[in-house]
Amino acid sequence: MAAIGDIAIDPALVSLYKDLHQHPELGFQEYRTVDIVTARLRSLGFEVITGIGTTGVVGVLRNGVGPTALLRADMDALPIREDTGLDYASTVTVTDEHGATVPVAHACGHDLHTTCLLGAAQSLAADRSGWSGTAVLVFQPAEELGAGAQAMVDDGVFDRVPTPDVILGQHVAPLPAGKIAGHPGPAYAGSDSLRVRLVGRGAHGSMPEASVDPIVLAAATILRLQTVISREIPSTATAVLTVGSIHAGDAANVIPGHAEIQLNIRSYDTAVRRRILESVERIVFGEAATAGAPQEPTITQTEHFPVVTNDPEALGKSLETFAAWLGDDNVLDPGAGAGSEDVGVFATSCDAPLSYWLLGGADPSHFSRGDMTDPALLSVPSNHSPRYAPVINPTLALGVRALVAAAQAWLPPSR
């Protein structure tokens, strides 16, 4: 078993990672990334299909008779201003549909995912004696929107490639670099994001009696929503309800005509999810009626991620493979997490087992224990933070090796 520091890192992959990090693109706009991915796959001898689900790319490498393993990476970035101080930090901005300037950054690590999968493509193409069968590499758009995987499925990705026997993938996480973690069964929560528009009656601030104040209505609604988890959901269930945005009005002395709140729900159980959504609707409409709102509110779902469920046998095969070269102490069970992903859409759409794990990407020097009880997990920058950036070494090399090792666990050596 090689020590973590002994794993070589490809300088060309490092350069590629830094380039992708400096040039992030939002969901369904990953055109520059697509051009890079497509060119590299073709240079390695992959059959390449582009434009699946708008900006999805698939590379297929056939290597004799055998099973088919699908390896997936996501490509999109976030509308966040990077604050890492890195010399390869993003300074990219885009103009949104309202004409506003929006900063963009790879604050979730999808640039690392893309680079690792391209590194795995290079390794699989270079050593065809080490495996047999078919490798299908999926570069997915718009994971952050919860829409990219479904868009590729709806566009017939599984009509264009061999049916996979397993779906493999990874997500970089604020665990110490050198650690890999995976949880069997329901591993990542389902997520629903909602936009609620509350309609009141505007008035001058000096005449509140002429208004139906949507700000007061929004405040009452938010406070009541906070009781859903604590008073309506069984204490043994895992669920989260977060109000992440509220907006109303533009002046101190004007009562506006409407208010908007955005909320997010995380859950694992179908019945619990349904109960929460019903409760949200009841509270929103009930508070509006109590306030005497002149119009009913509207509730619009803006995102949905299904629960990600790891097949215990498939994940176990991957983790056993990782432990063989990382050591048992470096392979962890993180428990079920409240984060969300749409990788499970691929697995359920083709009825294949899913093996999806977390790849440690944080500086190990910040950790004292290096397991799921380490207090550093609450203090190191995490995904979606403006300060989030994985350490390149050894994260990149380990990410490549993990994908290749997991694939080879399903694709037997060539005879």
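Reply:
**The sheets and their helices**

Strand β10, residues 190-199, runs antiparallel to β15, and seven bridges join the two. This is a predicted model. Within that pair, serine 193 stands opposite glutamate 303 of β15.

Now the sheet around that pair. It is open and has four strands, in the order β12-β14-β10-β15. The pairing is antiparallel. β12 (239-247) and β15 (298-305) are the edge strands, and each of them pairs on one side only. On average, neighbouring strands here are turned by 20° against each other, direction ignored.

Two helices belong in this picture. Helix α6, residues 214-225, lies across β10, β12 and β14 (258-267). α6 runs at about 15° to β14. Helix α8, residues 270-291, also packs on the sheet. α8 touches β10, β12, β14 and β15, and its direction makes about 165° with that of β14.

Next, the domains. The chain is divided into domain 1 (11-188 + 308-410) and domain 2 (190-304). Taken over C-alpha atoms, the centres of domain 1 and domain 2 are separated by 35 Å. Eleven residues from domain 1 and six residues from domain 2 make the contact.

The other sheet has eight strands and is open too. Its order is β1-β2-β6-β3-β7-β18-β8-β17, with mixed pairing. Strand β2 (residues 56-63) pairs with strand β6 (residues 133-140) in the antiparallel sense, over seven bridges. There, glycine 59 stands opposite leucine 137 in β6. Helix α2 (residues 31-43) packs on the sheet and touches β1, β2 and β6. The direction of α2 makes about 10° with that of β2.

α2 has a helix partner. Helix α1 (residues 11-22) packs with α2 at an angle of about 160°, and their axes are 10 Å apart. The two helices, α1 and α2, are therefore roughly antiparallel to each other. The crossing of α1 past α2 is left-handed. From α1, Leu16, Asp19 and Leu20 take part, meeting Arg32, Thr33, Ile36 and Arg40 in α2. By class, this α1 and α2 contact holds three nonpolar, one polar and three charged residues.

α3 also lies across the eight-stranded sheet's β2, β3 (68-74), β6, β7 (166-176) and β18 (354-362). α3 runs at about 150° to β3.

Then follow α3 to its helix neighbour. The axes of helix α3 (residues 110-126) and helix α11 (residues 392-410) come within 8 Å and cross at roughly 55°. That angle makes α3 oblique to α11. α3 passes α11 in a right-handed crossing. On the α3 side, the contact uses Leu112, Thr115, Cys116, Leu117, Gly119, Ala120, Ser123 and Leu124. They meet Thr395, Leu396, Gly399, Val400, Leu403 and Val404 of α11. By class, the contact of α3 with α11 has nine nonpolar, five polar and no charged residues.

Methods:
Residues are numbered from 1 along each chain as its sequence is written. This is a predicted model: local features need pLDDT of at least 70, side-chain atom pairs count only at pLDDT 80 or more; totals for chains, interfaces and linings use all residues. Side-chain values use heavy atoms; hydrogens and water are left out. Axes are lines fitted to C-alpha atoms, for helices over the stretch in contact, and angles run from 0 to 180 degrees between N-to-C directions. Angles under 35 degrees count as roughly parallel, over 145 as roughly antiparallel, 65 to 115 as roughly perpendicular and the rest as oblique. A crossing is left-handed if the near helix is turned anticlockwise from the far one by less than a right angle, and right-handed if clockwise. Contact means heavy atoms within 4.5 Å. Ala, Val, Leu, Ile, Met, Phe, Trp, Tyr, Cys and Pro count as nonpolar, Asp, Glu, Lys and Arg as charged, and the others, Gly among them, as polar. Two strands pair if DSSP finds at least two bridges between them. Domain bounds come from an automatic or database domain assignment.
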